[in-house]
Amino acid sequence: MGEDGPTPPSGVDITVPNVARMYDYYLDGKDNYAADREAAERVIEVMPGSRAGAQANRAFLVRAVRHLVAEAGITQFLDLGAGLPTQNNVHEVALSLNPDARVVYVDWDPVVCSHSRALLRAPDSVGVVEADLRDMDAILRHETTRTLLDFDRPVAVMMVSILHFVDDSDDPHGIVARYRDATAPGSHLVVSHLTGDLMAKARPEETARAEEIYRRTATPVHLRTHQETEDLFKGYGLVDPGLVWLTDWRPDEPVPDDSTVVRLGGGRGGPAEEAPGYGGRIPAYAGVARKL
Ligand SMILES: C[S@@+](CC[C@H](N)C(=O)[O-])C[C@H]1O[C@@H](n2cnc3c(N)ncnc32)[C@H](O)[C@@H]1O
């Protein structure tokens with residue numbers, strides 16, 4: 001570890017804020033640098049619910065994996081845009097429920113991948129592929145993918161908090177479809193996606209400022225409507241309760257419908273955060289769907 005965070009792999013520019021490491025900061029991780037923390041703090045300033053949103057997203061991911069293993073009988077996961085290893089990663093949740101589970105983590109960030117490789121000590125169950133998720137063929141043909149995943153059996157394709165980093169010009173529908181077509185019947189798709197449906201209406205200035213901060217990272221954010229997000233599930237049937245607010249997807253505890261704030265986590269020992277201004281909802285949709 002360097003003074004300012006982990007020693008970066010060679011060639012990594014730590015002066016440019018990076019979404020993986022900003023997300024790590026929201027989750028109270030240690031794998032971030034000054035530029036990431038400053039950009040994340042600026043987003044938190046204009047969007048106080050950002051850290052709570054990241055934690056809610058991670059909690060959705062855990063609930064989705066639990067559902068897939070325990071109820072849908074899925075044992076294979078292709079986690080695209082997996083992020084830095086943190087608590088309750090896909091493999092931890094899946095392997096705790098089924099020791100035969102297999103997980104391939106894909107991320108294009110060299111810091112993410114070098115940390116993942118250092119931390120993951122189950123080469124028979126878990127692999128890491130450093131690649132751009134838009135490079136579908138390279139990922140699907142990659143030796144690690146082919147060794148760990150059997151595409152004749154169902155695979156869960158995880159696109160959690162990642163498709164809003166894919167511009168329309170990169171054809172997100174085509175990307176999702178390529179992975180869908182590579183997987184067997186009974187495979188699943190898991191998506192969470194930031195939206196402007198509430199946020200941009202309730203807090204247009206803050207939304208524009210947050211988007212502007214992300215524009216200066218390597219991966220600008222593209223907010224999508226409910227319909228636009230639902231369209232990404234073409235060829236899949238959404239399982240109950242459909243495409244809903246992040247916190248409403250099969251919550252472990254009932255979500256109070258009169259909530260005006262969301263309180264999640266304490267973030268670095270501080271008080272629980274609130275996400276005011278849009279009815280207490282985290283401005284992201286979540287859904288799990290089964291290939292038709
Ligand atoms: C917000 S994090 C989400 C992490 C994890 N999926 C989760 O929901 O907890 C987004 C991750 O996607 C990665 N990422 C962004 N664009 C990518 C791309 N085109 N290909 C692969 N990874 C990408 C970033 O490096 C980052 O680690």
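1. Strands, as named here, are DSSP runs of E of at least two residues, and helices are runs of H or I of at least four, both numbered from the N terminus. The structure is a predicted model. In these terms, proline 241 lies in the loop between β6 (236-238) and β7 (244-245). The peptide bond joining aspartate 240 to this proline is cis, with omega of about 5°.

2. Aspartate 28, in the loop between α1 (19-26) and α2 (34-46), has a positive phi of about 70°. Arginine 250, in the loop between β7 and β8 (284-291), likewise has a positive phi, here about 40°. Most residues other than glycine have a negative phi, and most peptide bonds are trans.

3. Strand β2 (residues 102-107) pairs with two strands. With β1 (residues 76-80) it forms 5 bridges in the parallel sense, and leucine 80 has valine 106 of β2 as its bridge partner. With β3 (residues 126-130) the pairing is again parallel, over 5 bridges, and valine 103 stands opposite valine 126 of β3. Of the 6 residues of β2, 5 are buried.

4. Buried residues in α10 are Thr207, Ala210, Ile213 and Tyr214. Viewed down the helix axis, the buried residues of α10 fall within an arc of 125°, so they line one face of the helix.

5. Which residues come nearest to the ligand? Of the 19 residues around the ligand, these are Tyr23, Asn57, Arg58, Gly81 and Asp107. An N or O atom in the side chain of tyrosine 23 is 2.5 Å from an oxygen atom of the ligand. For the side chain of aspartate 107, the corresponding distance to a ligand oxygen is 2.6 Å. A nitrogen atom of the ligand is 3.0 Å from an N or O atom in the side chain of aspartate 132.

Note on methods. Residues are numbered from 1 along each chain as its sequence is written. This is a predicted model: local features need pLDDT of at least 70, side-chain atom pairs count only at pLDDT 80 or more; totals for chains, interfaces and linings use all residues. Side-chain values use heavy atoms; hydrogens and water are left out. Buried means under 20% relative accessible area, exposed over 50%, partly exposed in between (1.4 Å probe, protein chains only). Two strands pair if DSSP finds at least two bridges between them. The arc is that of the directions from the helix axis to the C-beta atoms. A residue is near a molecule or strand if one of its heavy atoms lies within 4 Å of it. A polar contact is a pair of N or O atoms within 3.5 Å; within protein, one must be able to donate a hydrogen and the other to accept it, and residues adjacent in sequence count only if both atoms are side-chain atoms.
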